Amino acid sequence: MAETASAVRVGIIGANGYSGIELLRTLSLHPHVHITYVAGSRDADGGLLAEQPFLRTLTAPAHTHDGASLAALKVQQFDPDVCAAACDVAFVGLPSGSAGQVAAALYERGLRVIDLSGDLRLPAEAYRTWYGRDPVPDAVLGAAVYGLTEWRRASIATAQLLSNPGCYATATLLALLPAVRAGLNRPGAPIVVDAKSGVSGAGRKAVQSNLLGELAENFYPYKVGRHQHTPEIEQMLDPDGGVRISLTTQLLPVARGILSACHVMLERPVTVEEVYQFYQDCYAAEPFVHVLPPGQVPQLKHVRGSNHCDIAIAVDERTGLLQVFSVIDNLQKGAAGQAVQNFNVMHGFAETEGLWAQPMYP
Ligand SMILES: NC(=O)c1ccc[n+]([C@@H]2O[C@H](COP(=O)([O-])OP(=O)(O)OC[C@H]3O[C@@H](n4cnc5c(N)ncnc54)[C@H](OP(=O)(O)O)[C@@H]3O)[C@@H](O)[C@H]2O)c1
């Protein structure tokens, strides 16, 4: 792949985590990127390959500084000054809490920052309530632009600090925004969101409940009534607080994928053909959002490994409910893929750059 003169120097903080690895995989194919810095919580003397032997083929010399192989990049303990000297842009793929501090330090040093955590997505009070800790300083929080790409392009393009949406939030918002913005939902009636995720959504750290023996042939809800993506979804649906959602998150025994099933009480009778046509018109120009014809249903395997989102519509005329189903890969459109899509918007690159991977099937 040919290197371009306009290559952007990119750092990945949290390169040994699931989102970090997905960023490496995706950005290694990007023609306008040099990955110049990778960091984690500890030094890895053997470079990326020490912990990720499957990255051995990411050796395209055009994508690193000095023509060195990407896999040989040394994972460093994060240092904001070293990172700022090495990069123009930093992707931060750290757990909430650490991520905000790191993003703030890099933002203050003048870098453009794309943060994948929940630390910059909510106003201060809501953050305290839902995350149970103090947020980053107001000046940093106030600068963050919420990056749901399809609905926020103008502000993303000029952002210095970008807050990448949550995985459940992305699937749910892409499904609900057209209906809510068109006033199809009955005012005052909560929207019920029944969402399910693969276990990589919980990150790479060792947790007993995520062991194969616990997960395999099992299926259960978690964080019922208190999932932190709830306020993120509500504020985007209606910044004035007029829309409430009841979100139930559930853990699927699969590695990747989110299915969000949204149930909306209709304000007036509509046909499925009307709503389908409306959604089609809304997303017709989008390279990554696809509205399926009535009667079809989205499946995790139809988007796995890709930045695509499939949406399907049904109208239950008997109960007056609109049902909108969406599927994404939580590590792609739900994390690294959307982060790269936002990076492209921020730099004026084609939005699909580096994101050509097709879904893996089966
Ligand atoms: N997984 C998803 O589907 C998903 C989707 C959307 C958003 N997100 C968000 O993206 C972020 C990363 O998620 P993930 O699933 O990729 O997590 P993960 O697999 O647990 O990886 C987190 C990485 O952060 C590193 N780390 C932890 N504390 C650090 C610190 N203080 N300084 C430097 N590095 C530190 C760890 O490095 P070491 O390995 O070196 O300890 C680890 O590699 C989270 O905020 C998450 O909420 C995740």
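**View 1. Pro362 lies in the segment that follows α12.** Helices (H or I, at least four residues) and strands (E, at least two) are DSSP runs, numbered from the N terminus. The peptide bond that leads from Tyr361 to Pro362 is cis, with omega near 0 degrees. Most residues other than glycine have a negative phi, and most peptide bonds are trans. The model shown here and in the other views is predicted: local features need pLDDT of at least 70, side-chain atom pairs count only at pLDDT 80 or more, and totals for chains, interfaces and linings use all residues. Residues are numbered from 1 along each chain as its sequence is written, and side-chain values use heavy atoms, with hydrogens and water left out.

**View 2. Glu217 occupies the loop between α9 (212-215) and β9 (220-222).** Although Glu217 is not a glycine, its phi is positive, at about 55 degrees.

View 3. To the contact (heavy atoms within 4.5 Å), domain 1 contributes 24 residues and domain 2 contributes 32 residues. About 2300 Å² is buried between the two domains, 58% of it from carbon and sulfur atoms; buried area is the accessible area (1.4 Å probe) that two parts lose on being put together, summed over both. In domain 1, the residues that lose the most area to domain 2 are Trp130, Trp151 and Lys333, together 33% of what that side buries.

**View 4. Arg153 and Glu286 are joined by a side-chain salt bridge (2.6 Å, N to O).** A salt bridge is a side-chain nitrogen of Lys or Arg within 4 Å of a carboxyl oxygen of Asp or Glu. Between domain 1 and domain 2, three salt bridges are counted.

**View 5. Three helices, α1 (18-27), α5 (124-131) and α12 (332-347), each give two or more residues to the side of domain 1 that touches domain 2.** Of these elements, α12 gives the most, with five residues. By residue class, this side of domain 1 divides into ten nonpolar (Ala, Val, Leu, Ile, Met, Phe, Trp, Tyr, Cys and Pro), eight charged (Asp, Glu, Lys and Arg) and six polar residues (the others, Gly among them).

**View 6. Tyr127 and Tyr131 form a stacked aromatic pair.** Five aromatic pairs are found in the whole structure; rings of Phe, Tyr and Trp (its six-membered ring) pair if their centres lie within 6.5 Å, and planes under 30 degrees apart count as stacked, over 60 as edge-to-face and the rest as tilted. For Tyr127 and Tyr131 the values are 4.7 Å centre to centre and 10 degrees between the planes. Because these two tyrosines are four residues apart in helix α5, about one helical turn separates Tyr127 from Tyr131.
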